[in-house]
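The sequence and the structure come first.

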Amino acid sequence: MAILKSRVNNEIKGHSVNIIDLGSGSGNIGITLKKKLITTKVTCVDISEKALEVAKENADFKNFPIDTIGTQELTEFLNPDMQLLQAHNAYISLKQELEY
């Protein structure tokens, strides 16, 4: 997380960038990035449709609009305009990652 914060503050702030928040869950990191980088486009991606609904509700409540897509749409969505891919999957164990 410290690397992301440093990169946002030192390299990205003041620029318009496209960010994917992979495994976004409730969208807290993506929404925070949108808040700090208002001209940025943030897309939250998660395997759970329910998590994406919560992320959208949270973003709407905080008035920081984000886009949401499911993981099945991710390969169609990725393009050269994406400048930052953020993933914070703290709830996934190394064993689960290796099995997936």
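Helices here are DSSP runs of H or I with at least four residues, and they are numbered from the N terminus. Asp-60 lies in one of them, helix H3.

## Model and fold

The model is predicted. Its chain has five helices and four strands. Read from the N terminus, the order of the elements is α-β-α-β-α-β-α-β-α. Of the 100 residues in the chain, 35% are buried.

## The salt bridge

How many salt bridges does the chain contain? The count comes to one. It joins the side chains of Lys-41 and Asp-67, with an N to O distance of 3.5 Å. Lys-41 belongs to strand S2 and Asp-67 to strand S3 (residues 67-70), so the pair ties together parts that are 26 residues apart in sequence.

Lys-41 has a relative accessible area of 35% and is partly exposed. Asp-67 is also partly exposed, at 33% relative accessibility.

## Buried charges without a salt bridge

Asp-46 is found in strand S2, which covers residues 41-46. Asp-46 is buried and has no salt bridge. The nearest side chain of opposite charge is that of Lys-50, 12 Å away. A salt bridge requires a side-chain nitrogen of Lys or Arg within 4 Å of a carboxyl oxygen of Asp or Glu.

Which backbone atoms does the side chain of Asp-46 reach? One is the backbone nitrogen of Ser-24, at 3.3 Å. Another is the backbone nitrogen of Ser-48, which lies 2.9 Å from a polar atom of the Asp-46 side chain.

Lys-34, in helix H2 (residues 28-36), is likewise buried and without a salt bridge. For Lys-34 the nearest side chain of opposite charge is Asp-67, at 8.3 Å. Asp-67 is itself the partner of Lys-41 in the salt bridge. A polar atom of the Lys-34 side chain lies 2.6 Å from the backbone oxygen of Thr-40.

## The negative surface patch

Which residues form the negative surface patch? They are Glu-49, Glu-53, Glu-57, Asp-60 and Glu-73. Patch members have over 30% relative accessible area and no salt bridge.

Glu-53 lies in helix H3, which spans residues 49-62. Is Glu-53 partly exposed or buried? Glu-53 counts as partly exposed because its relative accessibility is 44%. Asp-60 lies in helix H3 as well. At 51% relative accessibility, Asp-60 counts as exposed, the cut-off for that class being over 50%. The C-alpha atom of Asp-60 is 9.7 Å from that of Ile-31, a residue 29 positions away along the chain.

## The positive surface patch

A positive surface patch is made up of Lys-13, Lys-35, Lys-36 and Lys-62. Where is Lys-13 found? Lys-13 sits in the loop between helix H1 (2-12) and strand S1 (18-22). With a relative accessible area of 46%, Lys-13 is partly exposed.

Technical notes. Residues are numbered from 1 along each chain as its sequence is written. This is a predicted model: local features need pLDDT of at least 70, side-chain atom pairs count only at pLDDT 80 or more; totals for chains, interfaces and linings use all residues. Side-chain values use heavy atoms; hydrogens and water are left out. Patches are made of residues with over 30% relative accessible area and no salt bridge: like charges are joined within 9 Å, nonpolar side chains (Val, Leu, Ile, Met, Phe, Trp, Tyr) within 5 Å. Accessible areas come from the Shrake-Rupley method with a 1.4 Å probe; for residues, only the protein chains shown count as cover. Lys and Arg count as positive and Asp and Glu as negative; His and the chain ends are not counted. The place of a charge is taken as NZ of Lys, CZ of Arg, CG of Asp or CD of Glu. Helices (H or I, at least four residues) and strands (E, at least two) are DSSP runs, numbered from the N terminus. Buried means under 20% relative accessible area, exposed over 50%, partly exposed in between (1.4 Å probe, protein chains only). A polar contact is a pair of N or O atoms within 3.5 Å; within protein, one must be able to donate a hydrogen and the other to accept it, and residues adjacent in sequence count only if both atoms are side-chain atoms.
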